[in-house]
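Subject: Structure handover

Hello,

Here is the structure we discussed, with notes on what turned up in it. Please look it over before reading on.

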Amino acid sequence: MAGNRTGARPGFRWRRRRKGREERRPGPPGPYALLPWLLMGLGSFSNLFQGEAPNPWLGGLGLFAFNSLYVSVVFRGFDKRKRESPVSYWLLAAMAAVTLALAIGYGGSWLLFFPLLSLACGTILRNRQLAVGMLSVAAVATAVAVWRGKGGTDPWTIGYGTFISGAVTAAILTLAETVMELRATRQELARSAVEKERLRFSRDLHDLLGHTLSVIVVKSEAARRLAPHDMDAALTQVADIESVGRQALTEIREAVTGYREGSLATELDRARSALTAAGIEPVLRRSGPPLAPQTEALLGWVVREAVTNVVRHSRATTCSFVLEGTAERVRLTVTDDGSGPDPDAPATPGIGGTGLTGLTERLAASGGSLRAGPAPGRGFVVTAELPVDGPGPAEEETGTPQYHRPVRIPGA
């Protein structure tokens with residue numbers, strides 16, 4: 001306690017430090033990083049200031065227009081919406097016209113405006129437009145430098161510098177944008193993973209507690225009814241309640257860690273116990289090859305949810321489980337002969353709609369389907385279908401199903 005006097009929780013401090021590290025990570029360069037390149041125009045400004053350039057007022061106006069257009073284009077290039085706007089292309093075209101006019105009219109150090117024009121093109125143009133723009137600007141810069149070569153400037157240096165400045169700028173900005181998109185994608189994937197884990201946990205907890213509490217309630221009612229007449233039978237129900245409670249604790253721990261794997265045989269045995277305690281006769285008819293563990297786990301969830309609804313809502317006397325399998329798909333049908341919820345009984349929230357919705361999502365994620373609705377004539381039917389991952393060993397050896405005739409669940 002002495003080491004945590006500020007009252008801040010360790011997890012909160014860790015998240016705050018992590019957020020601080022994220023904020024300190026270098027991001028893409030901003031438009032201000034490209035402004036110092038305007039110092040390349042100091043030679044032109046020196047010519048105007050020393051009176052070495054003809055028509056200094058016209059040259060000064062052109063220098064001002066170029067600098068203004070350069071700043072405007074560069075700042076628009078760092079905003080994707082503005083960069084793709086037609087206004088940006090018009091400004092870039094105006095900048096190209098001013099650059100060409102100044103280079104043709106003055107030559108010498110004024111030719112250095114071509115690399116600046118190329119740099120501005122690198123902030124606006126992408127993909128094929130960038131390649132065409134860089135080659136065009138470099139070719140024009142080389143041609144003008146050859147024509148105005150009296151100042152001793154190497155035309156090929158001007159052309160090469162023009163091409164490289166725009167290409168490198170575009171490459172750096174594209175890479176920086178890609179890095180930022182990857183960071184945003186990673187954060188989105190992390191949020192999605194958290195949401196999926198929350199959904200998984202809430203769904204598992206709902207299914208576990210809904211079924212377990214229903215079994216405990218039914219067995220408690222059976223123990224209360226049997227206690228005045230048959231204490232041994234009542235104690236048996238109490239022992240079952242204890243067993244169900246201990247198993248529920250184990251399953252909840254496994255659900256929290258995400259490693260719970262259901263067993264169809266186990267769920268059918270629990271279904272027999274719960275239905276029998278509720279006075280409902282369970283019947284099983286099974287045919288087909290053995291199932292893969294993942295398929296059994298999903299069908300176990302279907303049995304759990306269906307039995308929970310039968311016990312709580314159906315007022316049935318018989319509940320049948322029909323499991324039919326082929327080499328490609330397996331189908332489980334749970335049918336009761338009940339008349340539905342008691343209209344005079346208080347409504348029980350949650351289990352039916354929410355549980356079946358969660359099961360539908362689970363089966364759909366595995367390529368299966370779930371249908372639930374009133375049975376023809378009387379009762380309610382739940383049908384689940386799933387693809388079979390692969391043939392089981394028993395089918396490979398014999399080529400025949402393991403089960404051929406209807407059987408009652410043992411102990412029913």
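A residue is called buried here when its relative accessible area is under 20%, and exposed when that value is over 50%. Phe66, with a relative accessibility of 0%, therefore counts as buried. Please keep in mind that this is a predicted model.

Overall content

The chain holds 13 helices and six strands. Of its 412 residues, 39% are buried. Taking the contacts between residues at least 6 apart in sequence, 73% join residues that are at least 24 apart.

Aromatic pairs

The count of aromatic pairs is five. One of them is formed by Phe66 and Tyr70 and is stacked, with 6.4 Å centre to centre and 20° between the planes. These two residues are four apart in helix 3 (residues 56-77), so about one helical turn separates Phe66 from Tyr70. Tyr70 is buried, as is Phe66.

Phe66 also pairs with Phe113, and this pair is tilted: the centres are 4.4 Å apart and the planes make an angle of 40°. Because Phe66 belongs to helix 3 and Phe113 to helix 6, the pair ties together parts of the chain that are 47 residues apart in sequence. Phe113 has a relative accessible area of 2% and is therefore buried. Through ring pairs, Phe66, Tyr70, Tyr106, Trp110 and Phe113 are linked into a cluster.

Helix 5 and helix 6

How are the two helices oriented? Helix 5 (residues 86-106) and helix 6 (residues 113-124) pack at an angle of about 170°, and their axes are 10 Å apart. Angles over 145 degrees count as roughly antiparallel, so helix 5 is roughly antiparallel to helix 6.

Charged residues

Three further places involve charged side chains.

- Arg126 is located in the loop between helix 6 and helix 7 (127-147). Its relative accessibility is 16%, so Arg126 counts as buried. Apart from neighbours within four places in sequence, Arg126 contacts Arg83, Leu173, Thr174 and Glu177.
- Arg362 has its charged end over the ring of Trp301, at 4.2 Å from the ring centre.
- Glu324 is part of strand 2 (residues 318-325). With 36% relative accessibility, Glu324 counts as partly exposed. Residues up to four places away in sequence aside, Glu324 touches Ser287, Arg329, Val330 and Arg331. The C-alpha atoms of Glu324 and Glu385 are separated by 9.6 Å, and these residues are 61 apart along the chain.

Regards

Conventions. Residues numbered from 1 in each chain as written. Predicted model: local features only at pLDDT ≥ 70, side-chain atom pairs only at ≥ 80, totals over all residues. Heavy atoms only, no water. Buried < 20%, exposed > 50% of the residue type's maximum accessible area, 1.4 Å probe, protein only. Contact = heavy atoms within 4.5 Å. Axes fitted to C-alpha atoms, helices over the stretch in contact; angles between N-to-C directions. Parallel < 35°, antiparallel > 145°, perpendicular 65-115°, else oblique. Phe/Tyr/Trp six-rings, centres within 6.5 Å; stacked < 30°, edge-to-face > 60°. Lys NZ or Arg CZ within 6 Å of the ring centre and 35° of its normal.
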